[in-house]
Amino acid sequence: MHLRGGVKIGARDDKEDTSNKWGTKAKDSSLGFLVGGGVDFALMEDLTLYADVGYANGIYLNNTSADHSDCLDFGIGVTKSYDACSVSAGFVGATNGYGMYNTTYTDNGDTKYPFSWGIPLRVSYSF
């Protein structure tokens with residue numbers, strides 16, 4: 001079992017807040033957070049299933065509370081171990097255009113925030 005987390009206390013300059021009342025922004029002390037966790041489960045002596053899920057709000061990711069600025073991500077896969085190496089494959093995904101690359105795009109003037117996904121493959125060898 002593993003956990004991940006992060007917090008930004010008093011994050012400044014919310015890009016979405018444009019009120020600028022009396023020269024200050026109303027959301028100057030926004031809270032950004034990241035929470036996540038996962039498990040590794042041994043199916044057999046040399047075969048392991050892993051799963052991971054996490055969420056980060058827009059303030060944590062890029063200082064904005066705008067719509068589609070947060071991200072829910074997950075991953076699932078298996079790892080097979082051998083004497084001197086291991087091989088793993090899985091599936092990962094993220095909402096709102098987050099992932100390895102920013103995949104947002106504009107279609108007829110509307111910004112689209114697609115689900116991004118990938119298939120990670122890993123081979124590790126020890127000498």
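Guide: Start with Gly 75, which sits in strand β4, residues 71-81. Bear in mind that this model is predicted.

Visitor: Is Gly 75 buried or exposed?

Guide: Compare the relative accessibility with the cut-off: buried means under 20%. Gly 75 has 11%, so it counts as buried.

Visitor: Which residues is Gly 75 in contact with, leaving aside neighbours within four places in sequence?

Guide: Gly 75 touches Tyr 50, Ala 51, Asp 52, Phe 91 and Val 92. Trp 117 is 42 residues from Gly 75 in sequence, yet their C-alpha atoms are 9.4 Å apart.

Visitor: Which residues make the nonpolar surface patch?

Guide: Val 53, Leu 72, Phe 74, Ile 76, Phe 91, Phe 115, Trp 117, Ile 119 and Leu 121 form it, over about 900 Å². Strand β4 is the top contributor, with three residues.

Visitor: Take Phe 115 from that patch. Where is Phe 115 found?

Guide: Phe 115 lies in the loop between β7 (110-112) and β8 (116-118). Its relative accessible area is 43%, so Phe 115 is partly exposed. That class runs between 20% and 50%.

Visitor: In what sense do β5 and β9 pair?

Guide: Antiparallel. Strand β5, residues 85-94, pairs with β9 over five bridges.

Technical notes. Residues are numbered from 1 along each chain as its sequence is written. This is a predicted model: local features need pLDDT of at least 70, side-chain atom pairs count only at pLDDT 80 or more; totals for chains, interfaces and linings use all residues. Side-chain values use heavy atoms; hydrogens and water are left out. Helices (H or I, at least four residues) and strands (E, at least two) are DSSP runs, numbered from the N terminus. Buried means under 20% relative accessible area, exposed over 50%, partly exposed in between (1.4 Å probe, protein chains only). Contact means heavy atoms within 4.5 Å. Patches are made of residues with over 30% relative accessible area and no salt bridge: like charges are joined within 9 Å, nonpolar side chains (Val, Leu, Ile, Met, Phe, Trp, Tyr) within 5 Å. Accessible areas come from the Shrake-Rupley method with a 1.4 Å probe; for residues, only the protein chains shown count as cover. A salt bridge is a side-chain nitrogen of Lys or Arg within 4 Å of a carboxyl oxygen of Asp or Glu. Two strands pair if DSSP finds at least two bridges between them.
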